[in-house]
Every structure is written in structure tokens, then in C-alpha cells.
Amino acid sequence: MEKENILSELRKNIQEDKFIKIVFSDRQNGEFNKIIIKSLSLKNGKNIQIESFKDNKAFHKNIELDNFQEIEDILKGYMENFKQILLQIENLDISFIKKKESFTKKINKNNLIKNYIEHNKKKQYILNEGDKIDFLIELGLMSTEGKILKSSYNKFRQINKYLEFIDDVIEELKSKKLIDNHINVLDFGCGKLYLTFALYYYLKHYRKDLSFSIVGLDLKKDVIEFCNKLAQKLNYENLEFLNGNIKDYDRAKEVDLVFSLHACNNATDYSLEKALSLNAKAILAVPCCHHEFFEKIQKNKNSEFYNTLKIMADNGVVLDKFATLATDSFRSLALELCGYKTKMIEFIDMEHTPKNILIRAVKSKSSNLKEKLKEYNRLKDFLGINPLLEDLSKKYFLIDTNIEIPYN
């Protein structure tokens, strides 16, 4: 298919304001890794919003729909820089995939409905106040009239942010054809249960294109009993809560999505190892209580880190913050070596609203494994430690850790 024909199709859908989203991905040139274009309503009228991604950061630019020459020039540039284009309109996903110098076109059905992003009105969430959402009412976050209680609004906002991450991951899994029309989800350490029930509600009411099953696992027997009773009361089918340890879970042979939120210290590492053993297509983890790296760094006074940054190593508060970042960076690198593409994103805790790091990992074609192994070994040698996660995960590495790769 010729580029001019694709440009014409994009131009027509933008001019007639029919498109829901346009995504440029699989970069071959340029500075940005991905581009997302959406409709946007502002006081000055209809706009498009261009969201550009680079180094895990997002940059936004709004352009009035009347400035179409500028929009067309931008589209031409993106077509030169990316190998894949996804045009979403109501009921259809239209994909253009570049092979050599030409594009092939594929069309799939979707269940999307066009809605404008309106910056000058109340923020629209996946779950919206005013809808009578049964699990929120039962858990005391919402009144029977659909009003979010004032004391619960932060939780409501955080639940929606979490669902945005889930929605993004599911879209990627579908676009990569890692899932088709069903998804198996495993929640390690489901704890206070808001998020597990929110995930069920989202999949049931907003993802008509997917059937699903969800299993929640937690060590607290009273929590599991409460969850199962609530699921039964709400007639939530294909949702089950089990009492037990992550390390002992053996019910599933394979899952699509594993998430582990606020698992303490090495419980996150055991969650990641279990996700790897189940060949999870995607992993979402929000670790907390990073004791292991803190204690091991503190004990090794001969490490390069200690000799270079002694002022940080000798200050408990500073070292604690550093150890947290180092731990999650190491986890991210380990998952990369296991064949995942990872991002570290800020995530808001449910209880006290501190900011945690969410590790987002999705199965991907692996490249530059030798360079990643160099980076992995550099970090480990710099810290002067042998992390538990290496012992747990190295059997899933796609590259032999024993091969000698000089990195100095």
C-alpha cells in the first residue's frame, strides 16, 4: 500500500473527526519511541493531542484541528519514522505494517465508542462517579446513590489509575497477539481487595472482547474468607480467592497477567520468579520494604559503591532511598534478560498515598541481550552484592550468565 493512500486515510478520519486514536510504533528513525494521537476538546474548539514517548517520559502537544497543514506535515514525518501505524475508529482497528518500502493493511473489529477528551470538564475515569458500582458500595467507598464518599475519593482516583495501567497492558498484549479473546489473571498478595474487584468489574463491563478468569492469593485467611463471601454475594463468576504462599502456588500451568502489589521485601522476588515459571505474558509489580539491598550494601564496605559514595552509604535515610531504586532497577534488568520489555512508572499507594515504583513488564522480542547482561553485571559489581533474585530468576535468562562479556 502506498504512503499517500495511508496519509489520505489518516487525513480523512482526522478531518471528519471520526478517529478514536492513532498510534505510531516500532521506531526506525527519530527521537521518540512511540506516538499517540487523540481527539481533544478545549475552549478554543476541536484539537488533536499528540503524546510522544521518550526514555519513559511523555511529552504533550495540542494542535487546533483547523491547522491541518501542520498536522499533515507531522503525519508525514511520523510515517517516515515508524514501521507500524494503528488507526482506531468505532468498531475497527486498521493496522498498517511496513515491510521493506511498502505497507500492508490489516483490519480487525473492536468494541470501541468514540469519546472526546475534554480538558475543561470534570476528569473522566474508567470507573465514573454517578454509576452505581456494586463492589465500591459494598466496600464503603460509594453511597447507594453512586456518590463517592469524600474520605474515599483518593482511593477512587488510585483505583482508576491502576485500571489505566491494566487497560494499557491489555491493549499491548492484544496488539502483540499474546492474547486473543481470553485472559487469565493471577493476583499475588491481593490484600485489601479493592484492586482485584476493580479489575473484575473493568473486565466484565468494559472489555466485552475478552472472557477472563481471576485468582487472588493472600496469606491472610480472614481476608480470603471475606473476599470469597463478597464475590459470591455480588455473583462475580470466574473470580476466586485462595489462602496460601506465593512459593507454594501450583494451580495454574500458565497465566497471561500476573500482578503483585506491595509485596514486602523478597516476597516481590518470589512473585517474579513464580510469574516467570508460569510463563506470564505480562507482569505488574509494585514492590515495597526493600530490606535486602540495604542490608547487603551496608555490610560490604569494600564495594565500589561504598568507596565512591561513602556519604550515601553511611547515611541510613539516603541509603534506604538509594537501595529502593537500585533494587527495582535490578529487578527490571533481570526481567529484560528473561525476555520482557520493562518500564518503571510512578504508582500511588492505596493507604498513605506515597509514591511507589510500578514495574511493568511485557513479553517482547529480545534484542541486545549481551549489552543488557553487561549493564546487569556492572550494577551488581558496583553494589558488591549477590541478590536473591539472581538465584531465583537466572534459569529463565535468555543468555548464559557464565559467558565472559568485558564491560570496562
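I take contact to mean heavy atoms within 4.5 Å. The model I looked at is predicted.

**Phe197.** I looked up which residues Phe197 touches, leaving out those up to four places away in sequence. The list holds Phe135, Cys227, Leu230, Ala231, Leu234, Tyr236, Leu239 and Phe241.

**Cores.** I then checked where Phe197 belongs. Phe197 is part of the largest nonpolar core, which has 52 residues. Together with Phe135, Leu136 and Ile183, Phe197 touches the most other members of that core.

**Burial and contacts.** Of the 408 residues in the protein chain, 48% are buried. I next looked at contacts between residues at least 6 apart in sequence, and 65% of these join residues at least 24 apart.

**Secondary structure.** I noted 13 helices and 15 strands in the protein chain.

**Overall dimensions.** I compared the radius of gyration with the value for a compact globule. For 408 residues that value would be near 22 Å, and the protein chain has 23 Å, so the two agree. Along the principal axes, the C-alpha atoms fill a box of roughly 65 × 60 × 40 Å.

**Surface and charge.** The accessible surface of the protein chain is about 21,200 Å², and carbon and sulfur atoms account for 47% of this area. I recorded 66 positive and 60 negative side chains. The centres of these two sets lie 1 Å apart.

Terms used:
Residues are numbered from 1 along each chain as its sequence is written. This is a predicted model: local features need pLDDT of at least 70, side-chain atom pairs count only at pLDDT 80 or more; totals for chains, interfaces and linings use all residues. Side-chain values use heavy atoms; hydrogens and water are left out. Helices (H or I, at least four residues) and strands (E, at least two) are DSSP runs, numbered from the N terminus. The radius of gyration is taken over C-alpha atoms; the globule rule is 2.2 Å times the number of residues to the power 0.38. Buried means under 20% relative accessible area, exposed over 50%, partly exposed in between (1.4 Å probe, protein chains only). Accessible areas come from the Shrake-Rupley method with a 1.4 Å probe; for residues, only the protein chains shown count as cover. Lys and Arg count as positive and Asp and Glu as negative; His and the chain ends are not counted. The place of a charge is taken as NZ of Lys, CZ of Arg, CG of Asp or CD of Glu. A nonpolar core is a set of buried Ala, Val, Leu, Ile, Met, Phe, Trp, Tyr and Cys residues joined through side-chain atoms within 4.5 Å.
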